[in-house]
Amino acid sequence: MIRIQFFLVAMITVTIGCTPSDSKAPTKGATPPESTGSGSSSEGLASTSPWFEEAAAEVGLDFQHVSGADRSKLYIPEIVCGGVALLDYDNDGDLDVYCVQGGRAPSPQVEASANHLYRNRGDGTFEDVTQEAGAAALGYGMGCAANDVDRDGDIDIYVSNAGSNVFLVNQGNGTFLEASDVLGADAPGLTASAAFFDYDADGDLDLCVTEYVGWTPSSDLSCTATRSGHDYCQPNNYQAPTADHLFRNDGGRFVEVTAEVGMSNAKGNGLGVVSGDFDRDGRLDLFIANDGTHNHLWYQTEPGKFEERGLRSGTAVNQSGRVEAGMGVAAVDIDGDEDLDLFLSHLLQESNTLYLAKDGYYEDATDRYGLGGSSIPHTGFGLGFFDFDLDGDLDLFIANGRVMQPIENVPANDPYQEENLLYENTGSKFRVLEPKGGSSPPLIATSRGAAFGDLDGDGDTDIVVINRDGALSYLRNRREQLSDRHWVMFEVRDGTGAFAQHARVTIQAGDKQQTRVIDPHSSYLSSNDPRAAFGLGEATSITSVTVRWADGTEEGFAPPAIDARHSLVRGTGVGKPPGKQP
């Protein structure tokens with residue numbers, strides 16, 4: 001009955017925007033009780049010592065984002081740009097940092113629009129190697145995705161732009177070759193997030209790229225927001241939703257197959273994207289977070305064919321039937337039932353939303369997990385579920401920043417700045433930690449892309465945030481001070497030596513079982529550490545390690561030492577796990 005009511009109200013569309021001036025989770029098995037209503041503000045605040053410290057200046061990460069904003073003429077890419085990737089581009093075992101720059105939307109091919117690559121020296125500091133590595137990739141940058149596109153064992157970079165996109169192919173010698181013309185996948189619109197995945201199961205990586213709106217500098221509008229004057233337009237002001245792009249990897253060249261696979265049948269204002277087997281039929285699917293239009297859940301209903309089932313699945317709108325402004329997105333198993341749940345960040349006055357997978361459908365479980373009311377005053381972008389405190393469950397960080405100026409109490413230095421949010425997983429729900437965002441000093445900026453990984457090699461997860469028209473933030477994790485908590489990390493590679501995209505790593509440590517999926521593509525405009533990181537709490541040993549490869553076969557590995565990083569390479573394990581069939 002609940003699903004019937006939900007489907008009836010799901011057709012209601014609420015568009016939030018300004019007016020154009022020309023009048024145009026918990027641990028495995030723990031599921032909180034259901035609650036009613038939306039946007040409850042009953043989440044508790046927990047005061048604690050800061051989990052993170054700002055360390056960008058200290059370690060040499062001196063990137064300054066430039067949106068190119070000029071108050072006399074505002075272009076919509078300026079308010080939503082700013083991505084970052086964490087990748088080991090030189091294969092030395094340390095994570096490097098790639099930052100996507102804006103510039104000036106009408107004239108992006110200038111030095112001010114150069115992206116920046118920072119090499120990790122291995123001692124906790126970084127150096128800018130952009131020029132010698134050939135990584136500048138001029139253009140008005142939105143976001144990026146990093147993966148081993150050509151399956152040669154090193155990491156390549158795809159950059160989405162407001163305009164022609166760029167492929168940077170890693171040459172294996174510390175340099176990149178810009179090969180966009182050779183590889184294809186241009187999508188020369190206002191593109192946003194990108195995700196590599198092997199949808200046709202042929203062993204190479206295909207690519208999905210979201211497109212925000214049908215936009216060019218000459219088509220930009222001038223908008224006036226209620227009582228706050230001239231401001232950025234919202235995407236629905238343009239009345240130009242678009243189809244997102246799917247590119248098939250055909251022997252090393254990417255060919256657009258959007259119409260061929262059925263993905264041109266629905267349009268939206270695409271920002272975030274994640275892939276995964278959401279219906280557990282053995283085929284990879286796609287979820288697109290749309291800003292002000294229905295979200296799209298693309299099920300691959302037969303090999304090479306996609307069908308949009310957002311409304312039918314319960315993920316197109318929230319539990320009130322309201323279309324929301326989807327920005328960042330993560331696919332993660334919150335309740336430990338091996339289904340991929342979905343979490344989206346949204347505009348202020350909308351709660352961020354958790355869609356919990358249940359029996360082939362999704363339920364809005366936002367309030368049940370304590371993720372509702374605390375997010376309503378904020379506009380969320382980058383996000384990630386990671387075990388920041390190494391206690392064996394997934395916590396949550398959300399990077400916030402407005403897209404419209406506040407009506408009153410406008411900050412003098414940046415009218416769009418906000419504090420971020422850090423949630424601790426308590427085992428039954430999530431609670432907001434104080435200080436907000438978990439950092440000292442607090443990060444208050446217009447935050448956009450956020451990427452997650454162990455940058456300093458100490459076993460816990462750090463965060464890099466791109467702040468619009470501000471300095472990059474490197475939130476270094478301080479939880480190593482908890483000496484009684486342990487960790488383990490795995491680099492998981494397939495038979496070719498490439499990272500094993502969509503492999504699932506499951507470990508047993510003490511009485512707790514945990515699973516991670518190898519997939520760096522989530523958050524917002526960003527790419528994360530591709531390794532599988534586990535907090536072990538006070539467990540002093542691991543009793544089993546299993547990898548389920550993307551083709552469904554499983555392989556067991558000998559339990560490794562804790563507080564260390566290890567490699568899991570397909571074909572080098574100890575055989576299939578007990579009771580498992582190939």
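## Strands β10 and β11

N170 has F176 as its bridge partner in β11. Strand β10 (residues 166-170) and β11 run antiparallel and are joined by three bridges; two strands pair if DSSP finds at least two bridges between them. Strands (E, at least two residues) are DSSP runs, numbered from the N terminus.

This is a predicted model, in which local features need pLDDT of at least 70 and side-chain atom pairs count only at pLDDT 80 or more, while totals for chains, interfaces and linings use all residues. Residues are numbered from 1 along each chain as its sequence is written, and side-chain values use heavy atoms, with hydrogens and water left out.

## The four-stranded sheet

β10 and β11 belong to an open sheet of four strands, ordered β8-β9-β10-β11 with antiparallel pairing. Its edge strands, β8 (141-147) and β11 (176-178), each pair on one side only.

## Strand β27

Six of the six residues of β27 (residues 395-400) are buried, so this strand is largely enclosed by the rest of the structure. Buried means under 20% relative accessible area (1.4 Å probe, protein chains only). D395, F397 and A399 lie on one side, and L396, I398 and N400 on the other.

Strand β26 (residues 380-386) runs antiparallel to β27, with five bridges between them; G380 is bridged to N400. β27 also pairs with β29 (residues 421-425) in the antiparallel sense, over three bridges, and here F397 has L422 as its partner.

## Contacts of L190

L190 touches I76, P77, M142, N161, A162, E211, Y212, V213 and W215, leaving aside residues up to four places away in sequence. Contact means heavy atoms within 4.5 Å.

Conventions
Buried means under 20% relative accessible area, exposed over 50%, partly exposed in between (1.4 Å probe, protein chains only).
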